[in-house]
Amino acid sequence: QVQLVESGGGLVQAGGSLRLSCAFSGGTFSNYAMGWFRRAPGKEREFVATIGWSGGSTNYADSVKGRFTISRDNFKNTVNLDMNSLEPEDTAVYYCAADRLYPRSDRADFWGQGTQVTVSS
């Protein structure tokens, strides 16, 4: 059974940076497209970024484009989200997701437990 474990969340001041990591186990990592999603307090879970099986295809939400970068390492079975120029609006629980096609905010084969990111103003 595939398991996803996120790490790297925390408290940061506005304008700061964080790197989230997601460790994949229990399956063949390169068979899955990966994504990051987030849920802010009182809001629905929303798309942040996705990356294809080989890492050659990436997509970003407009709200994070130019500030966040998603990457994957198919040898280490990890997917990362580098977050720069963080804003209070980025405060949320961030979830890693894996899907054999493409993860979406309302559907993915597997989800991590989430990691909290809090950006103070």
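**View 1. Phenylalanine 37, a buried residue of the predicted model.** At 0% relative accessibility, phenylalanine 37 falls in the buried class, because that class comprises residues under 20% relative accessible area. In this predicted model, a search of the whole structure returns six aromatic pairs. One of them joins phenylalanine 37 to tryptophan 111 in an edge-to-face arrangement, with 5.3 Å centre to centre and 65 degrees between the planes. The two partners belong to distant parts of the chain, 74 residues apart: phenylalanine 37 lies in strand E4 (residues 33-39) and tryptophan 111 in strand E10 (residues 110-111).

**View 2. Tryptophan 111 and the charged end of arginine 45.** Tryptophan 111 has a relative accessible area of 26% and is partly exposed. The charged end of arginine 45 sits over the ring of tryptophan 111, at 3.6 Å from the ring centre.

View 3. Phe24, Phe29, Tyr32 and Phe110 are linked into a cluster by ring pairs. Over the face of phenylalanine 29 lies arginine 72, 4.2 Å from the ring centre.

**View 4. The disulfide of cysteine 22 and cysteine 96**. One disulfide is found in a search of the whole structure. The sulfur atoms of cysteine 22 and cysteine 96 are 2.1 Å apart. This pair links distant parts of the chain, with cysteine 22 in strand E3 (residues 18-25) and cysteine 96 in strand E9 (residues 92-99), 74 residues apart. The torsion about the S-S bond is about -80 degrees, so the disulfide is left-handed. Cysteine 22 is buried at 1% relative accessibility, and cysteine 96 is buried with a relative accessible area of 0%.

Key:
Residues numbered from 1 in each chain as written. Predicted model: local features only at pLDDT ≥ 70, side-chain atom pairs only at ≥ 80, totals over all residues. Heavy atoms only, no water. Phe/Tyr/Trp six-rings, centres within 6.5 Å; stacked < 30°, edge-to-face > 60°. Helix = DSSP H or I, 4+ residues; strand = E, 2+ residues; numbered from the N terminus. Buried < 20%, exposed > 50% of the residue type's maximum accessible area, 1.4 Å probe, protein only. Lys NZ or Arg CZ within 6 Å of the ring centre and 35° of its normal. Disulfide = S-S within 2.5 Å.
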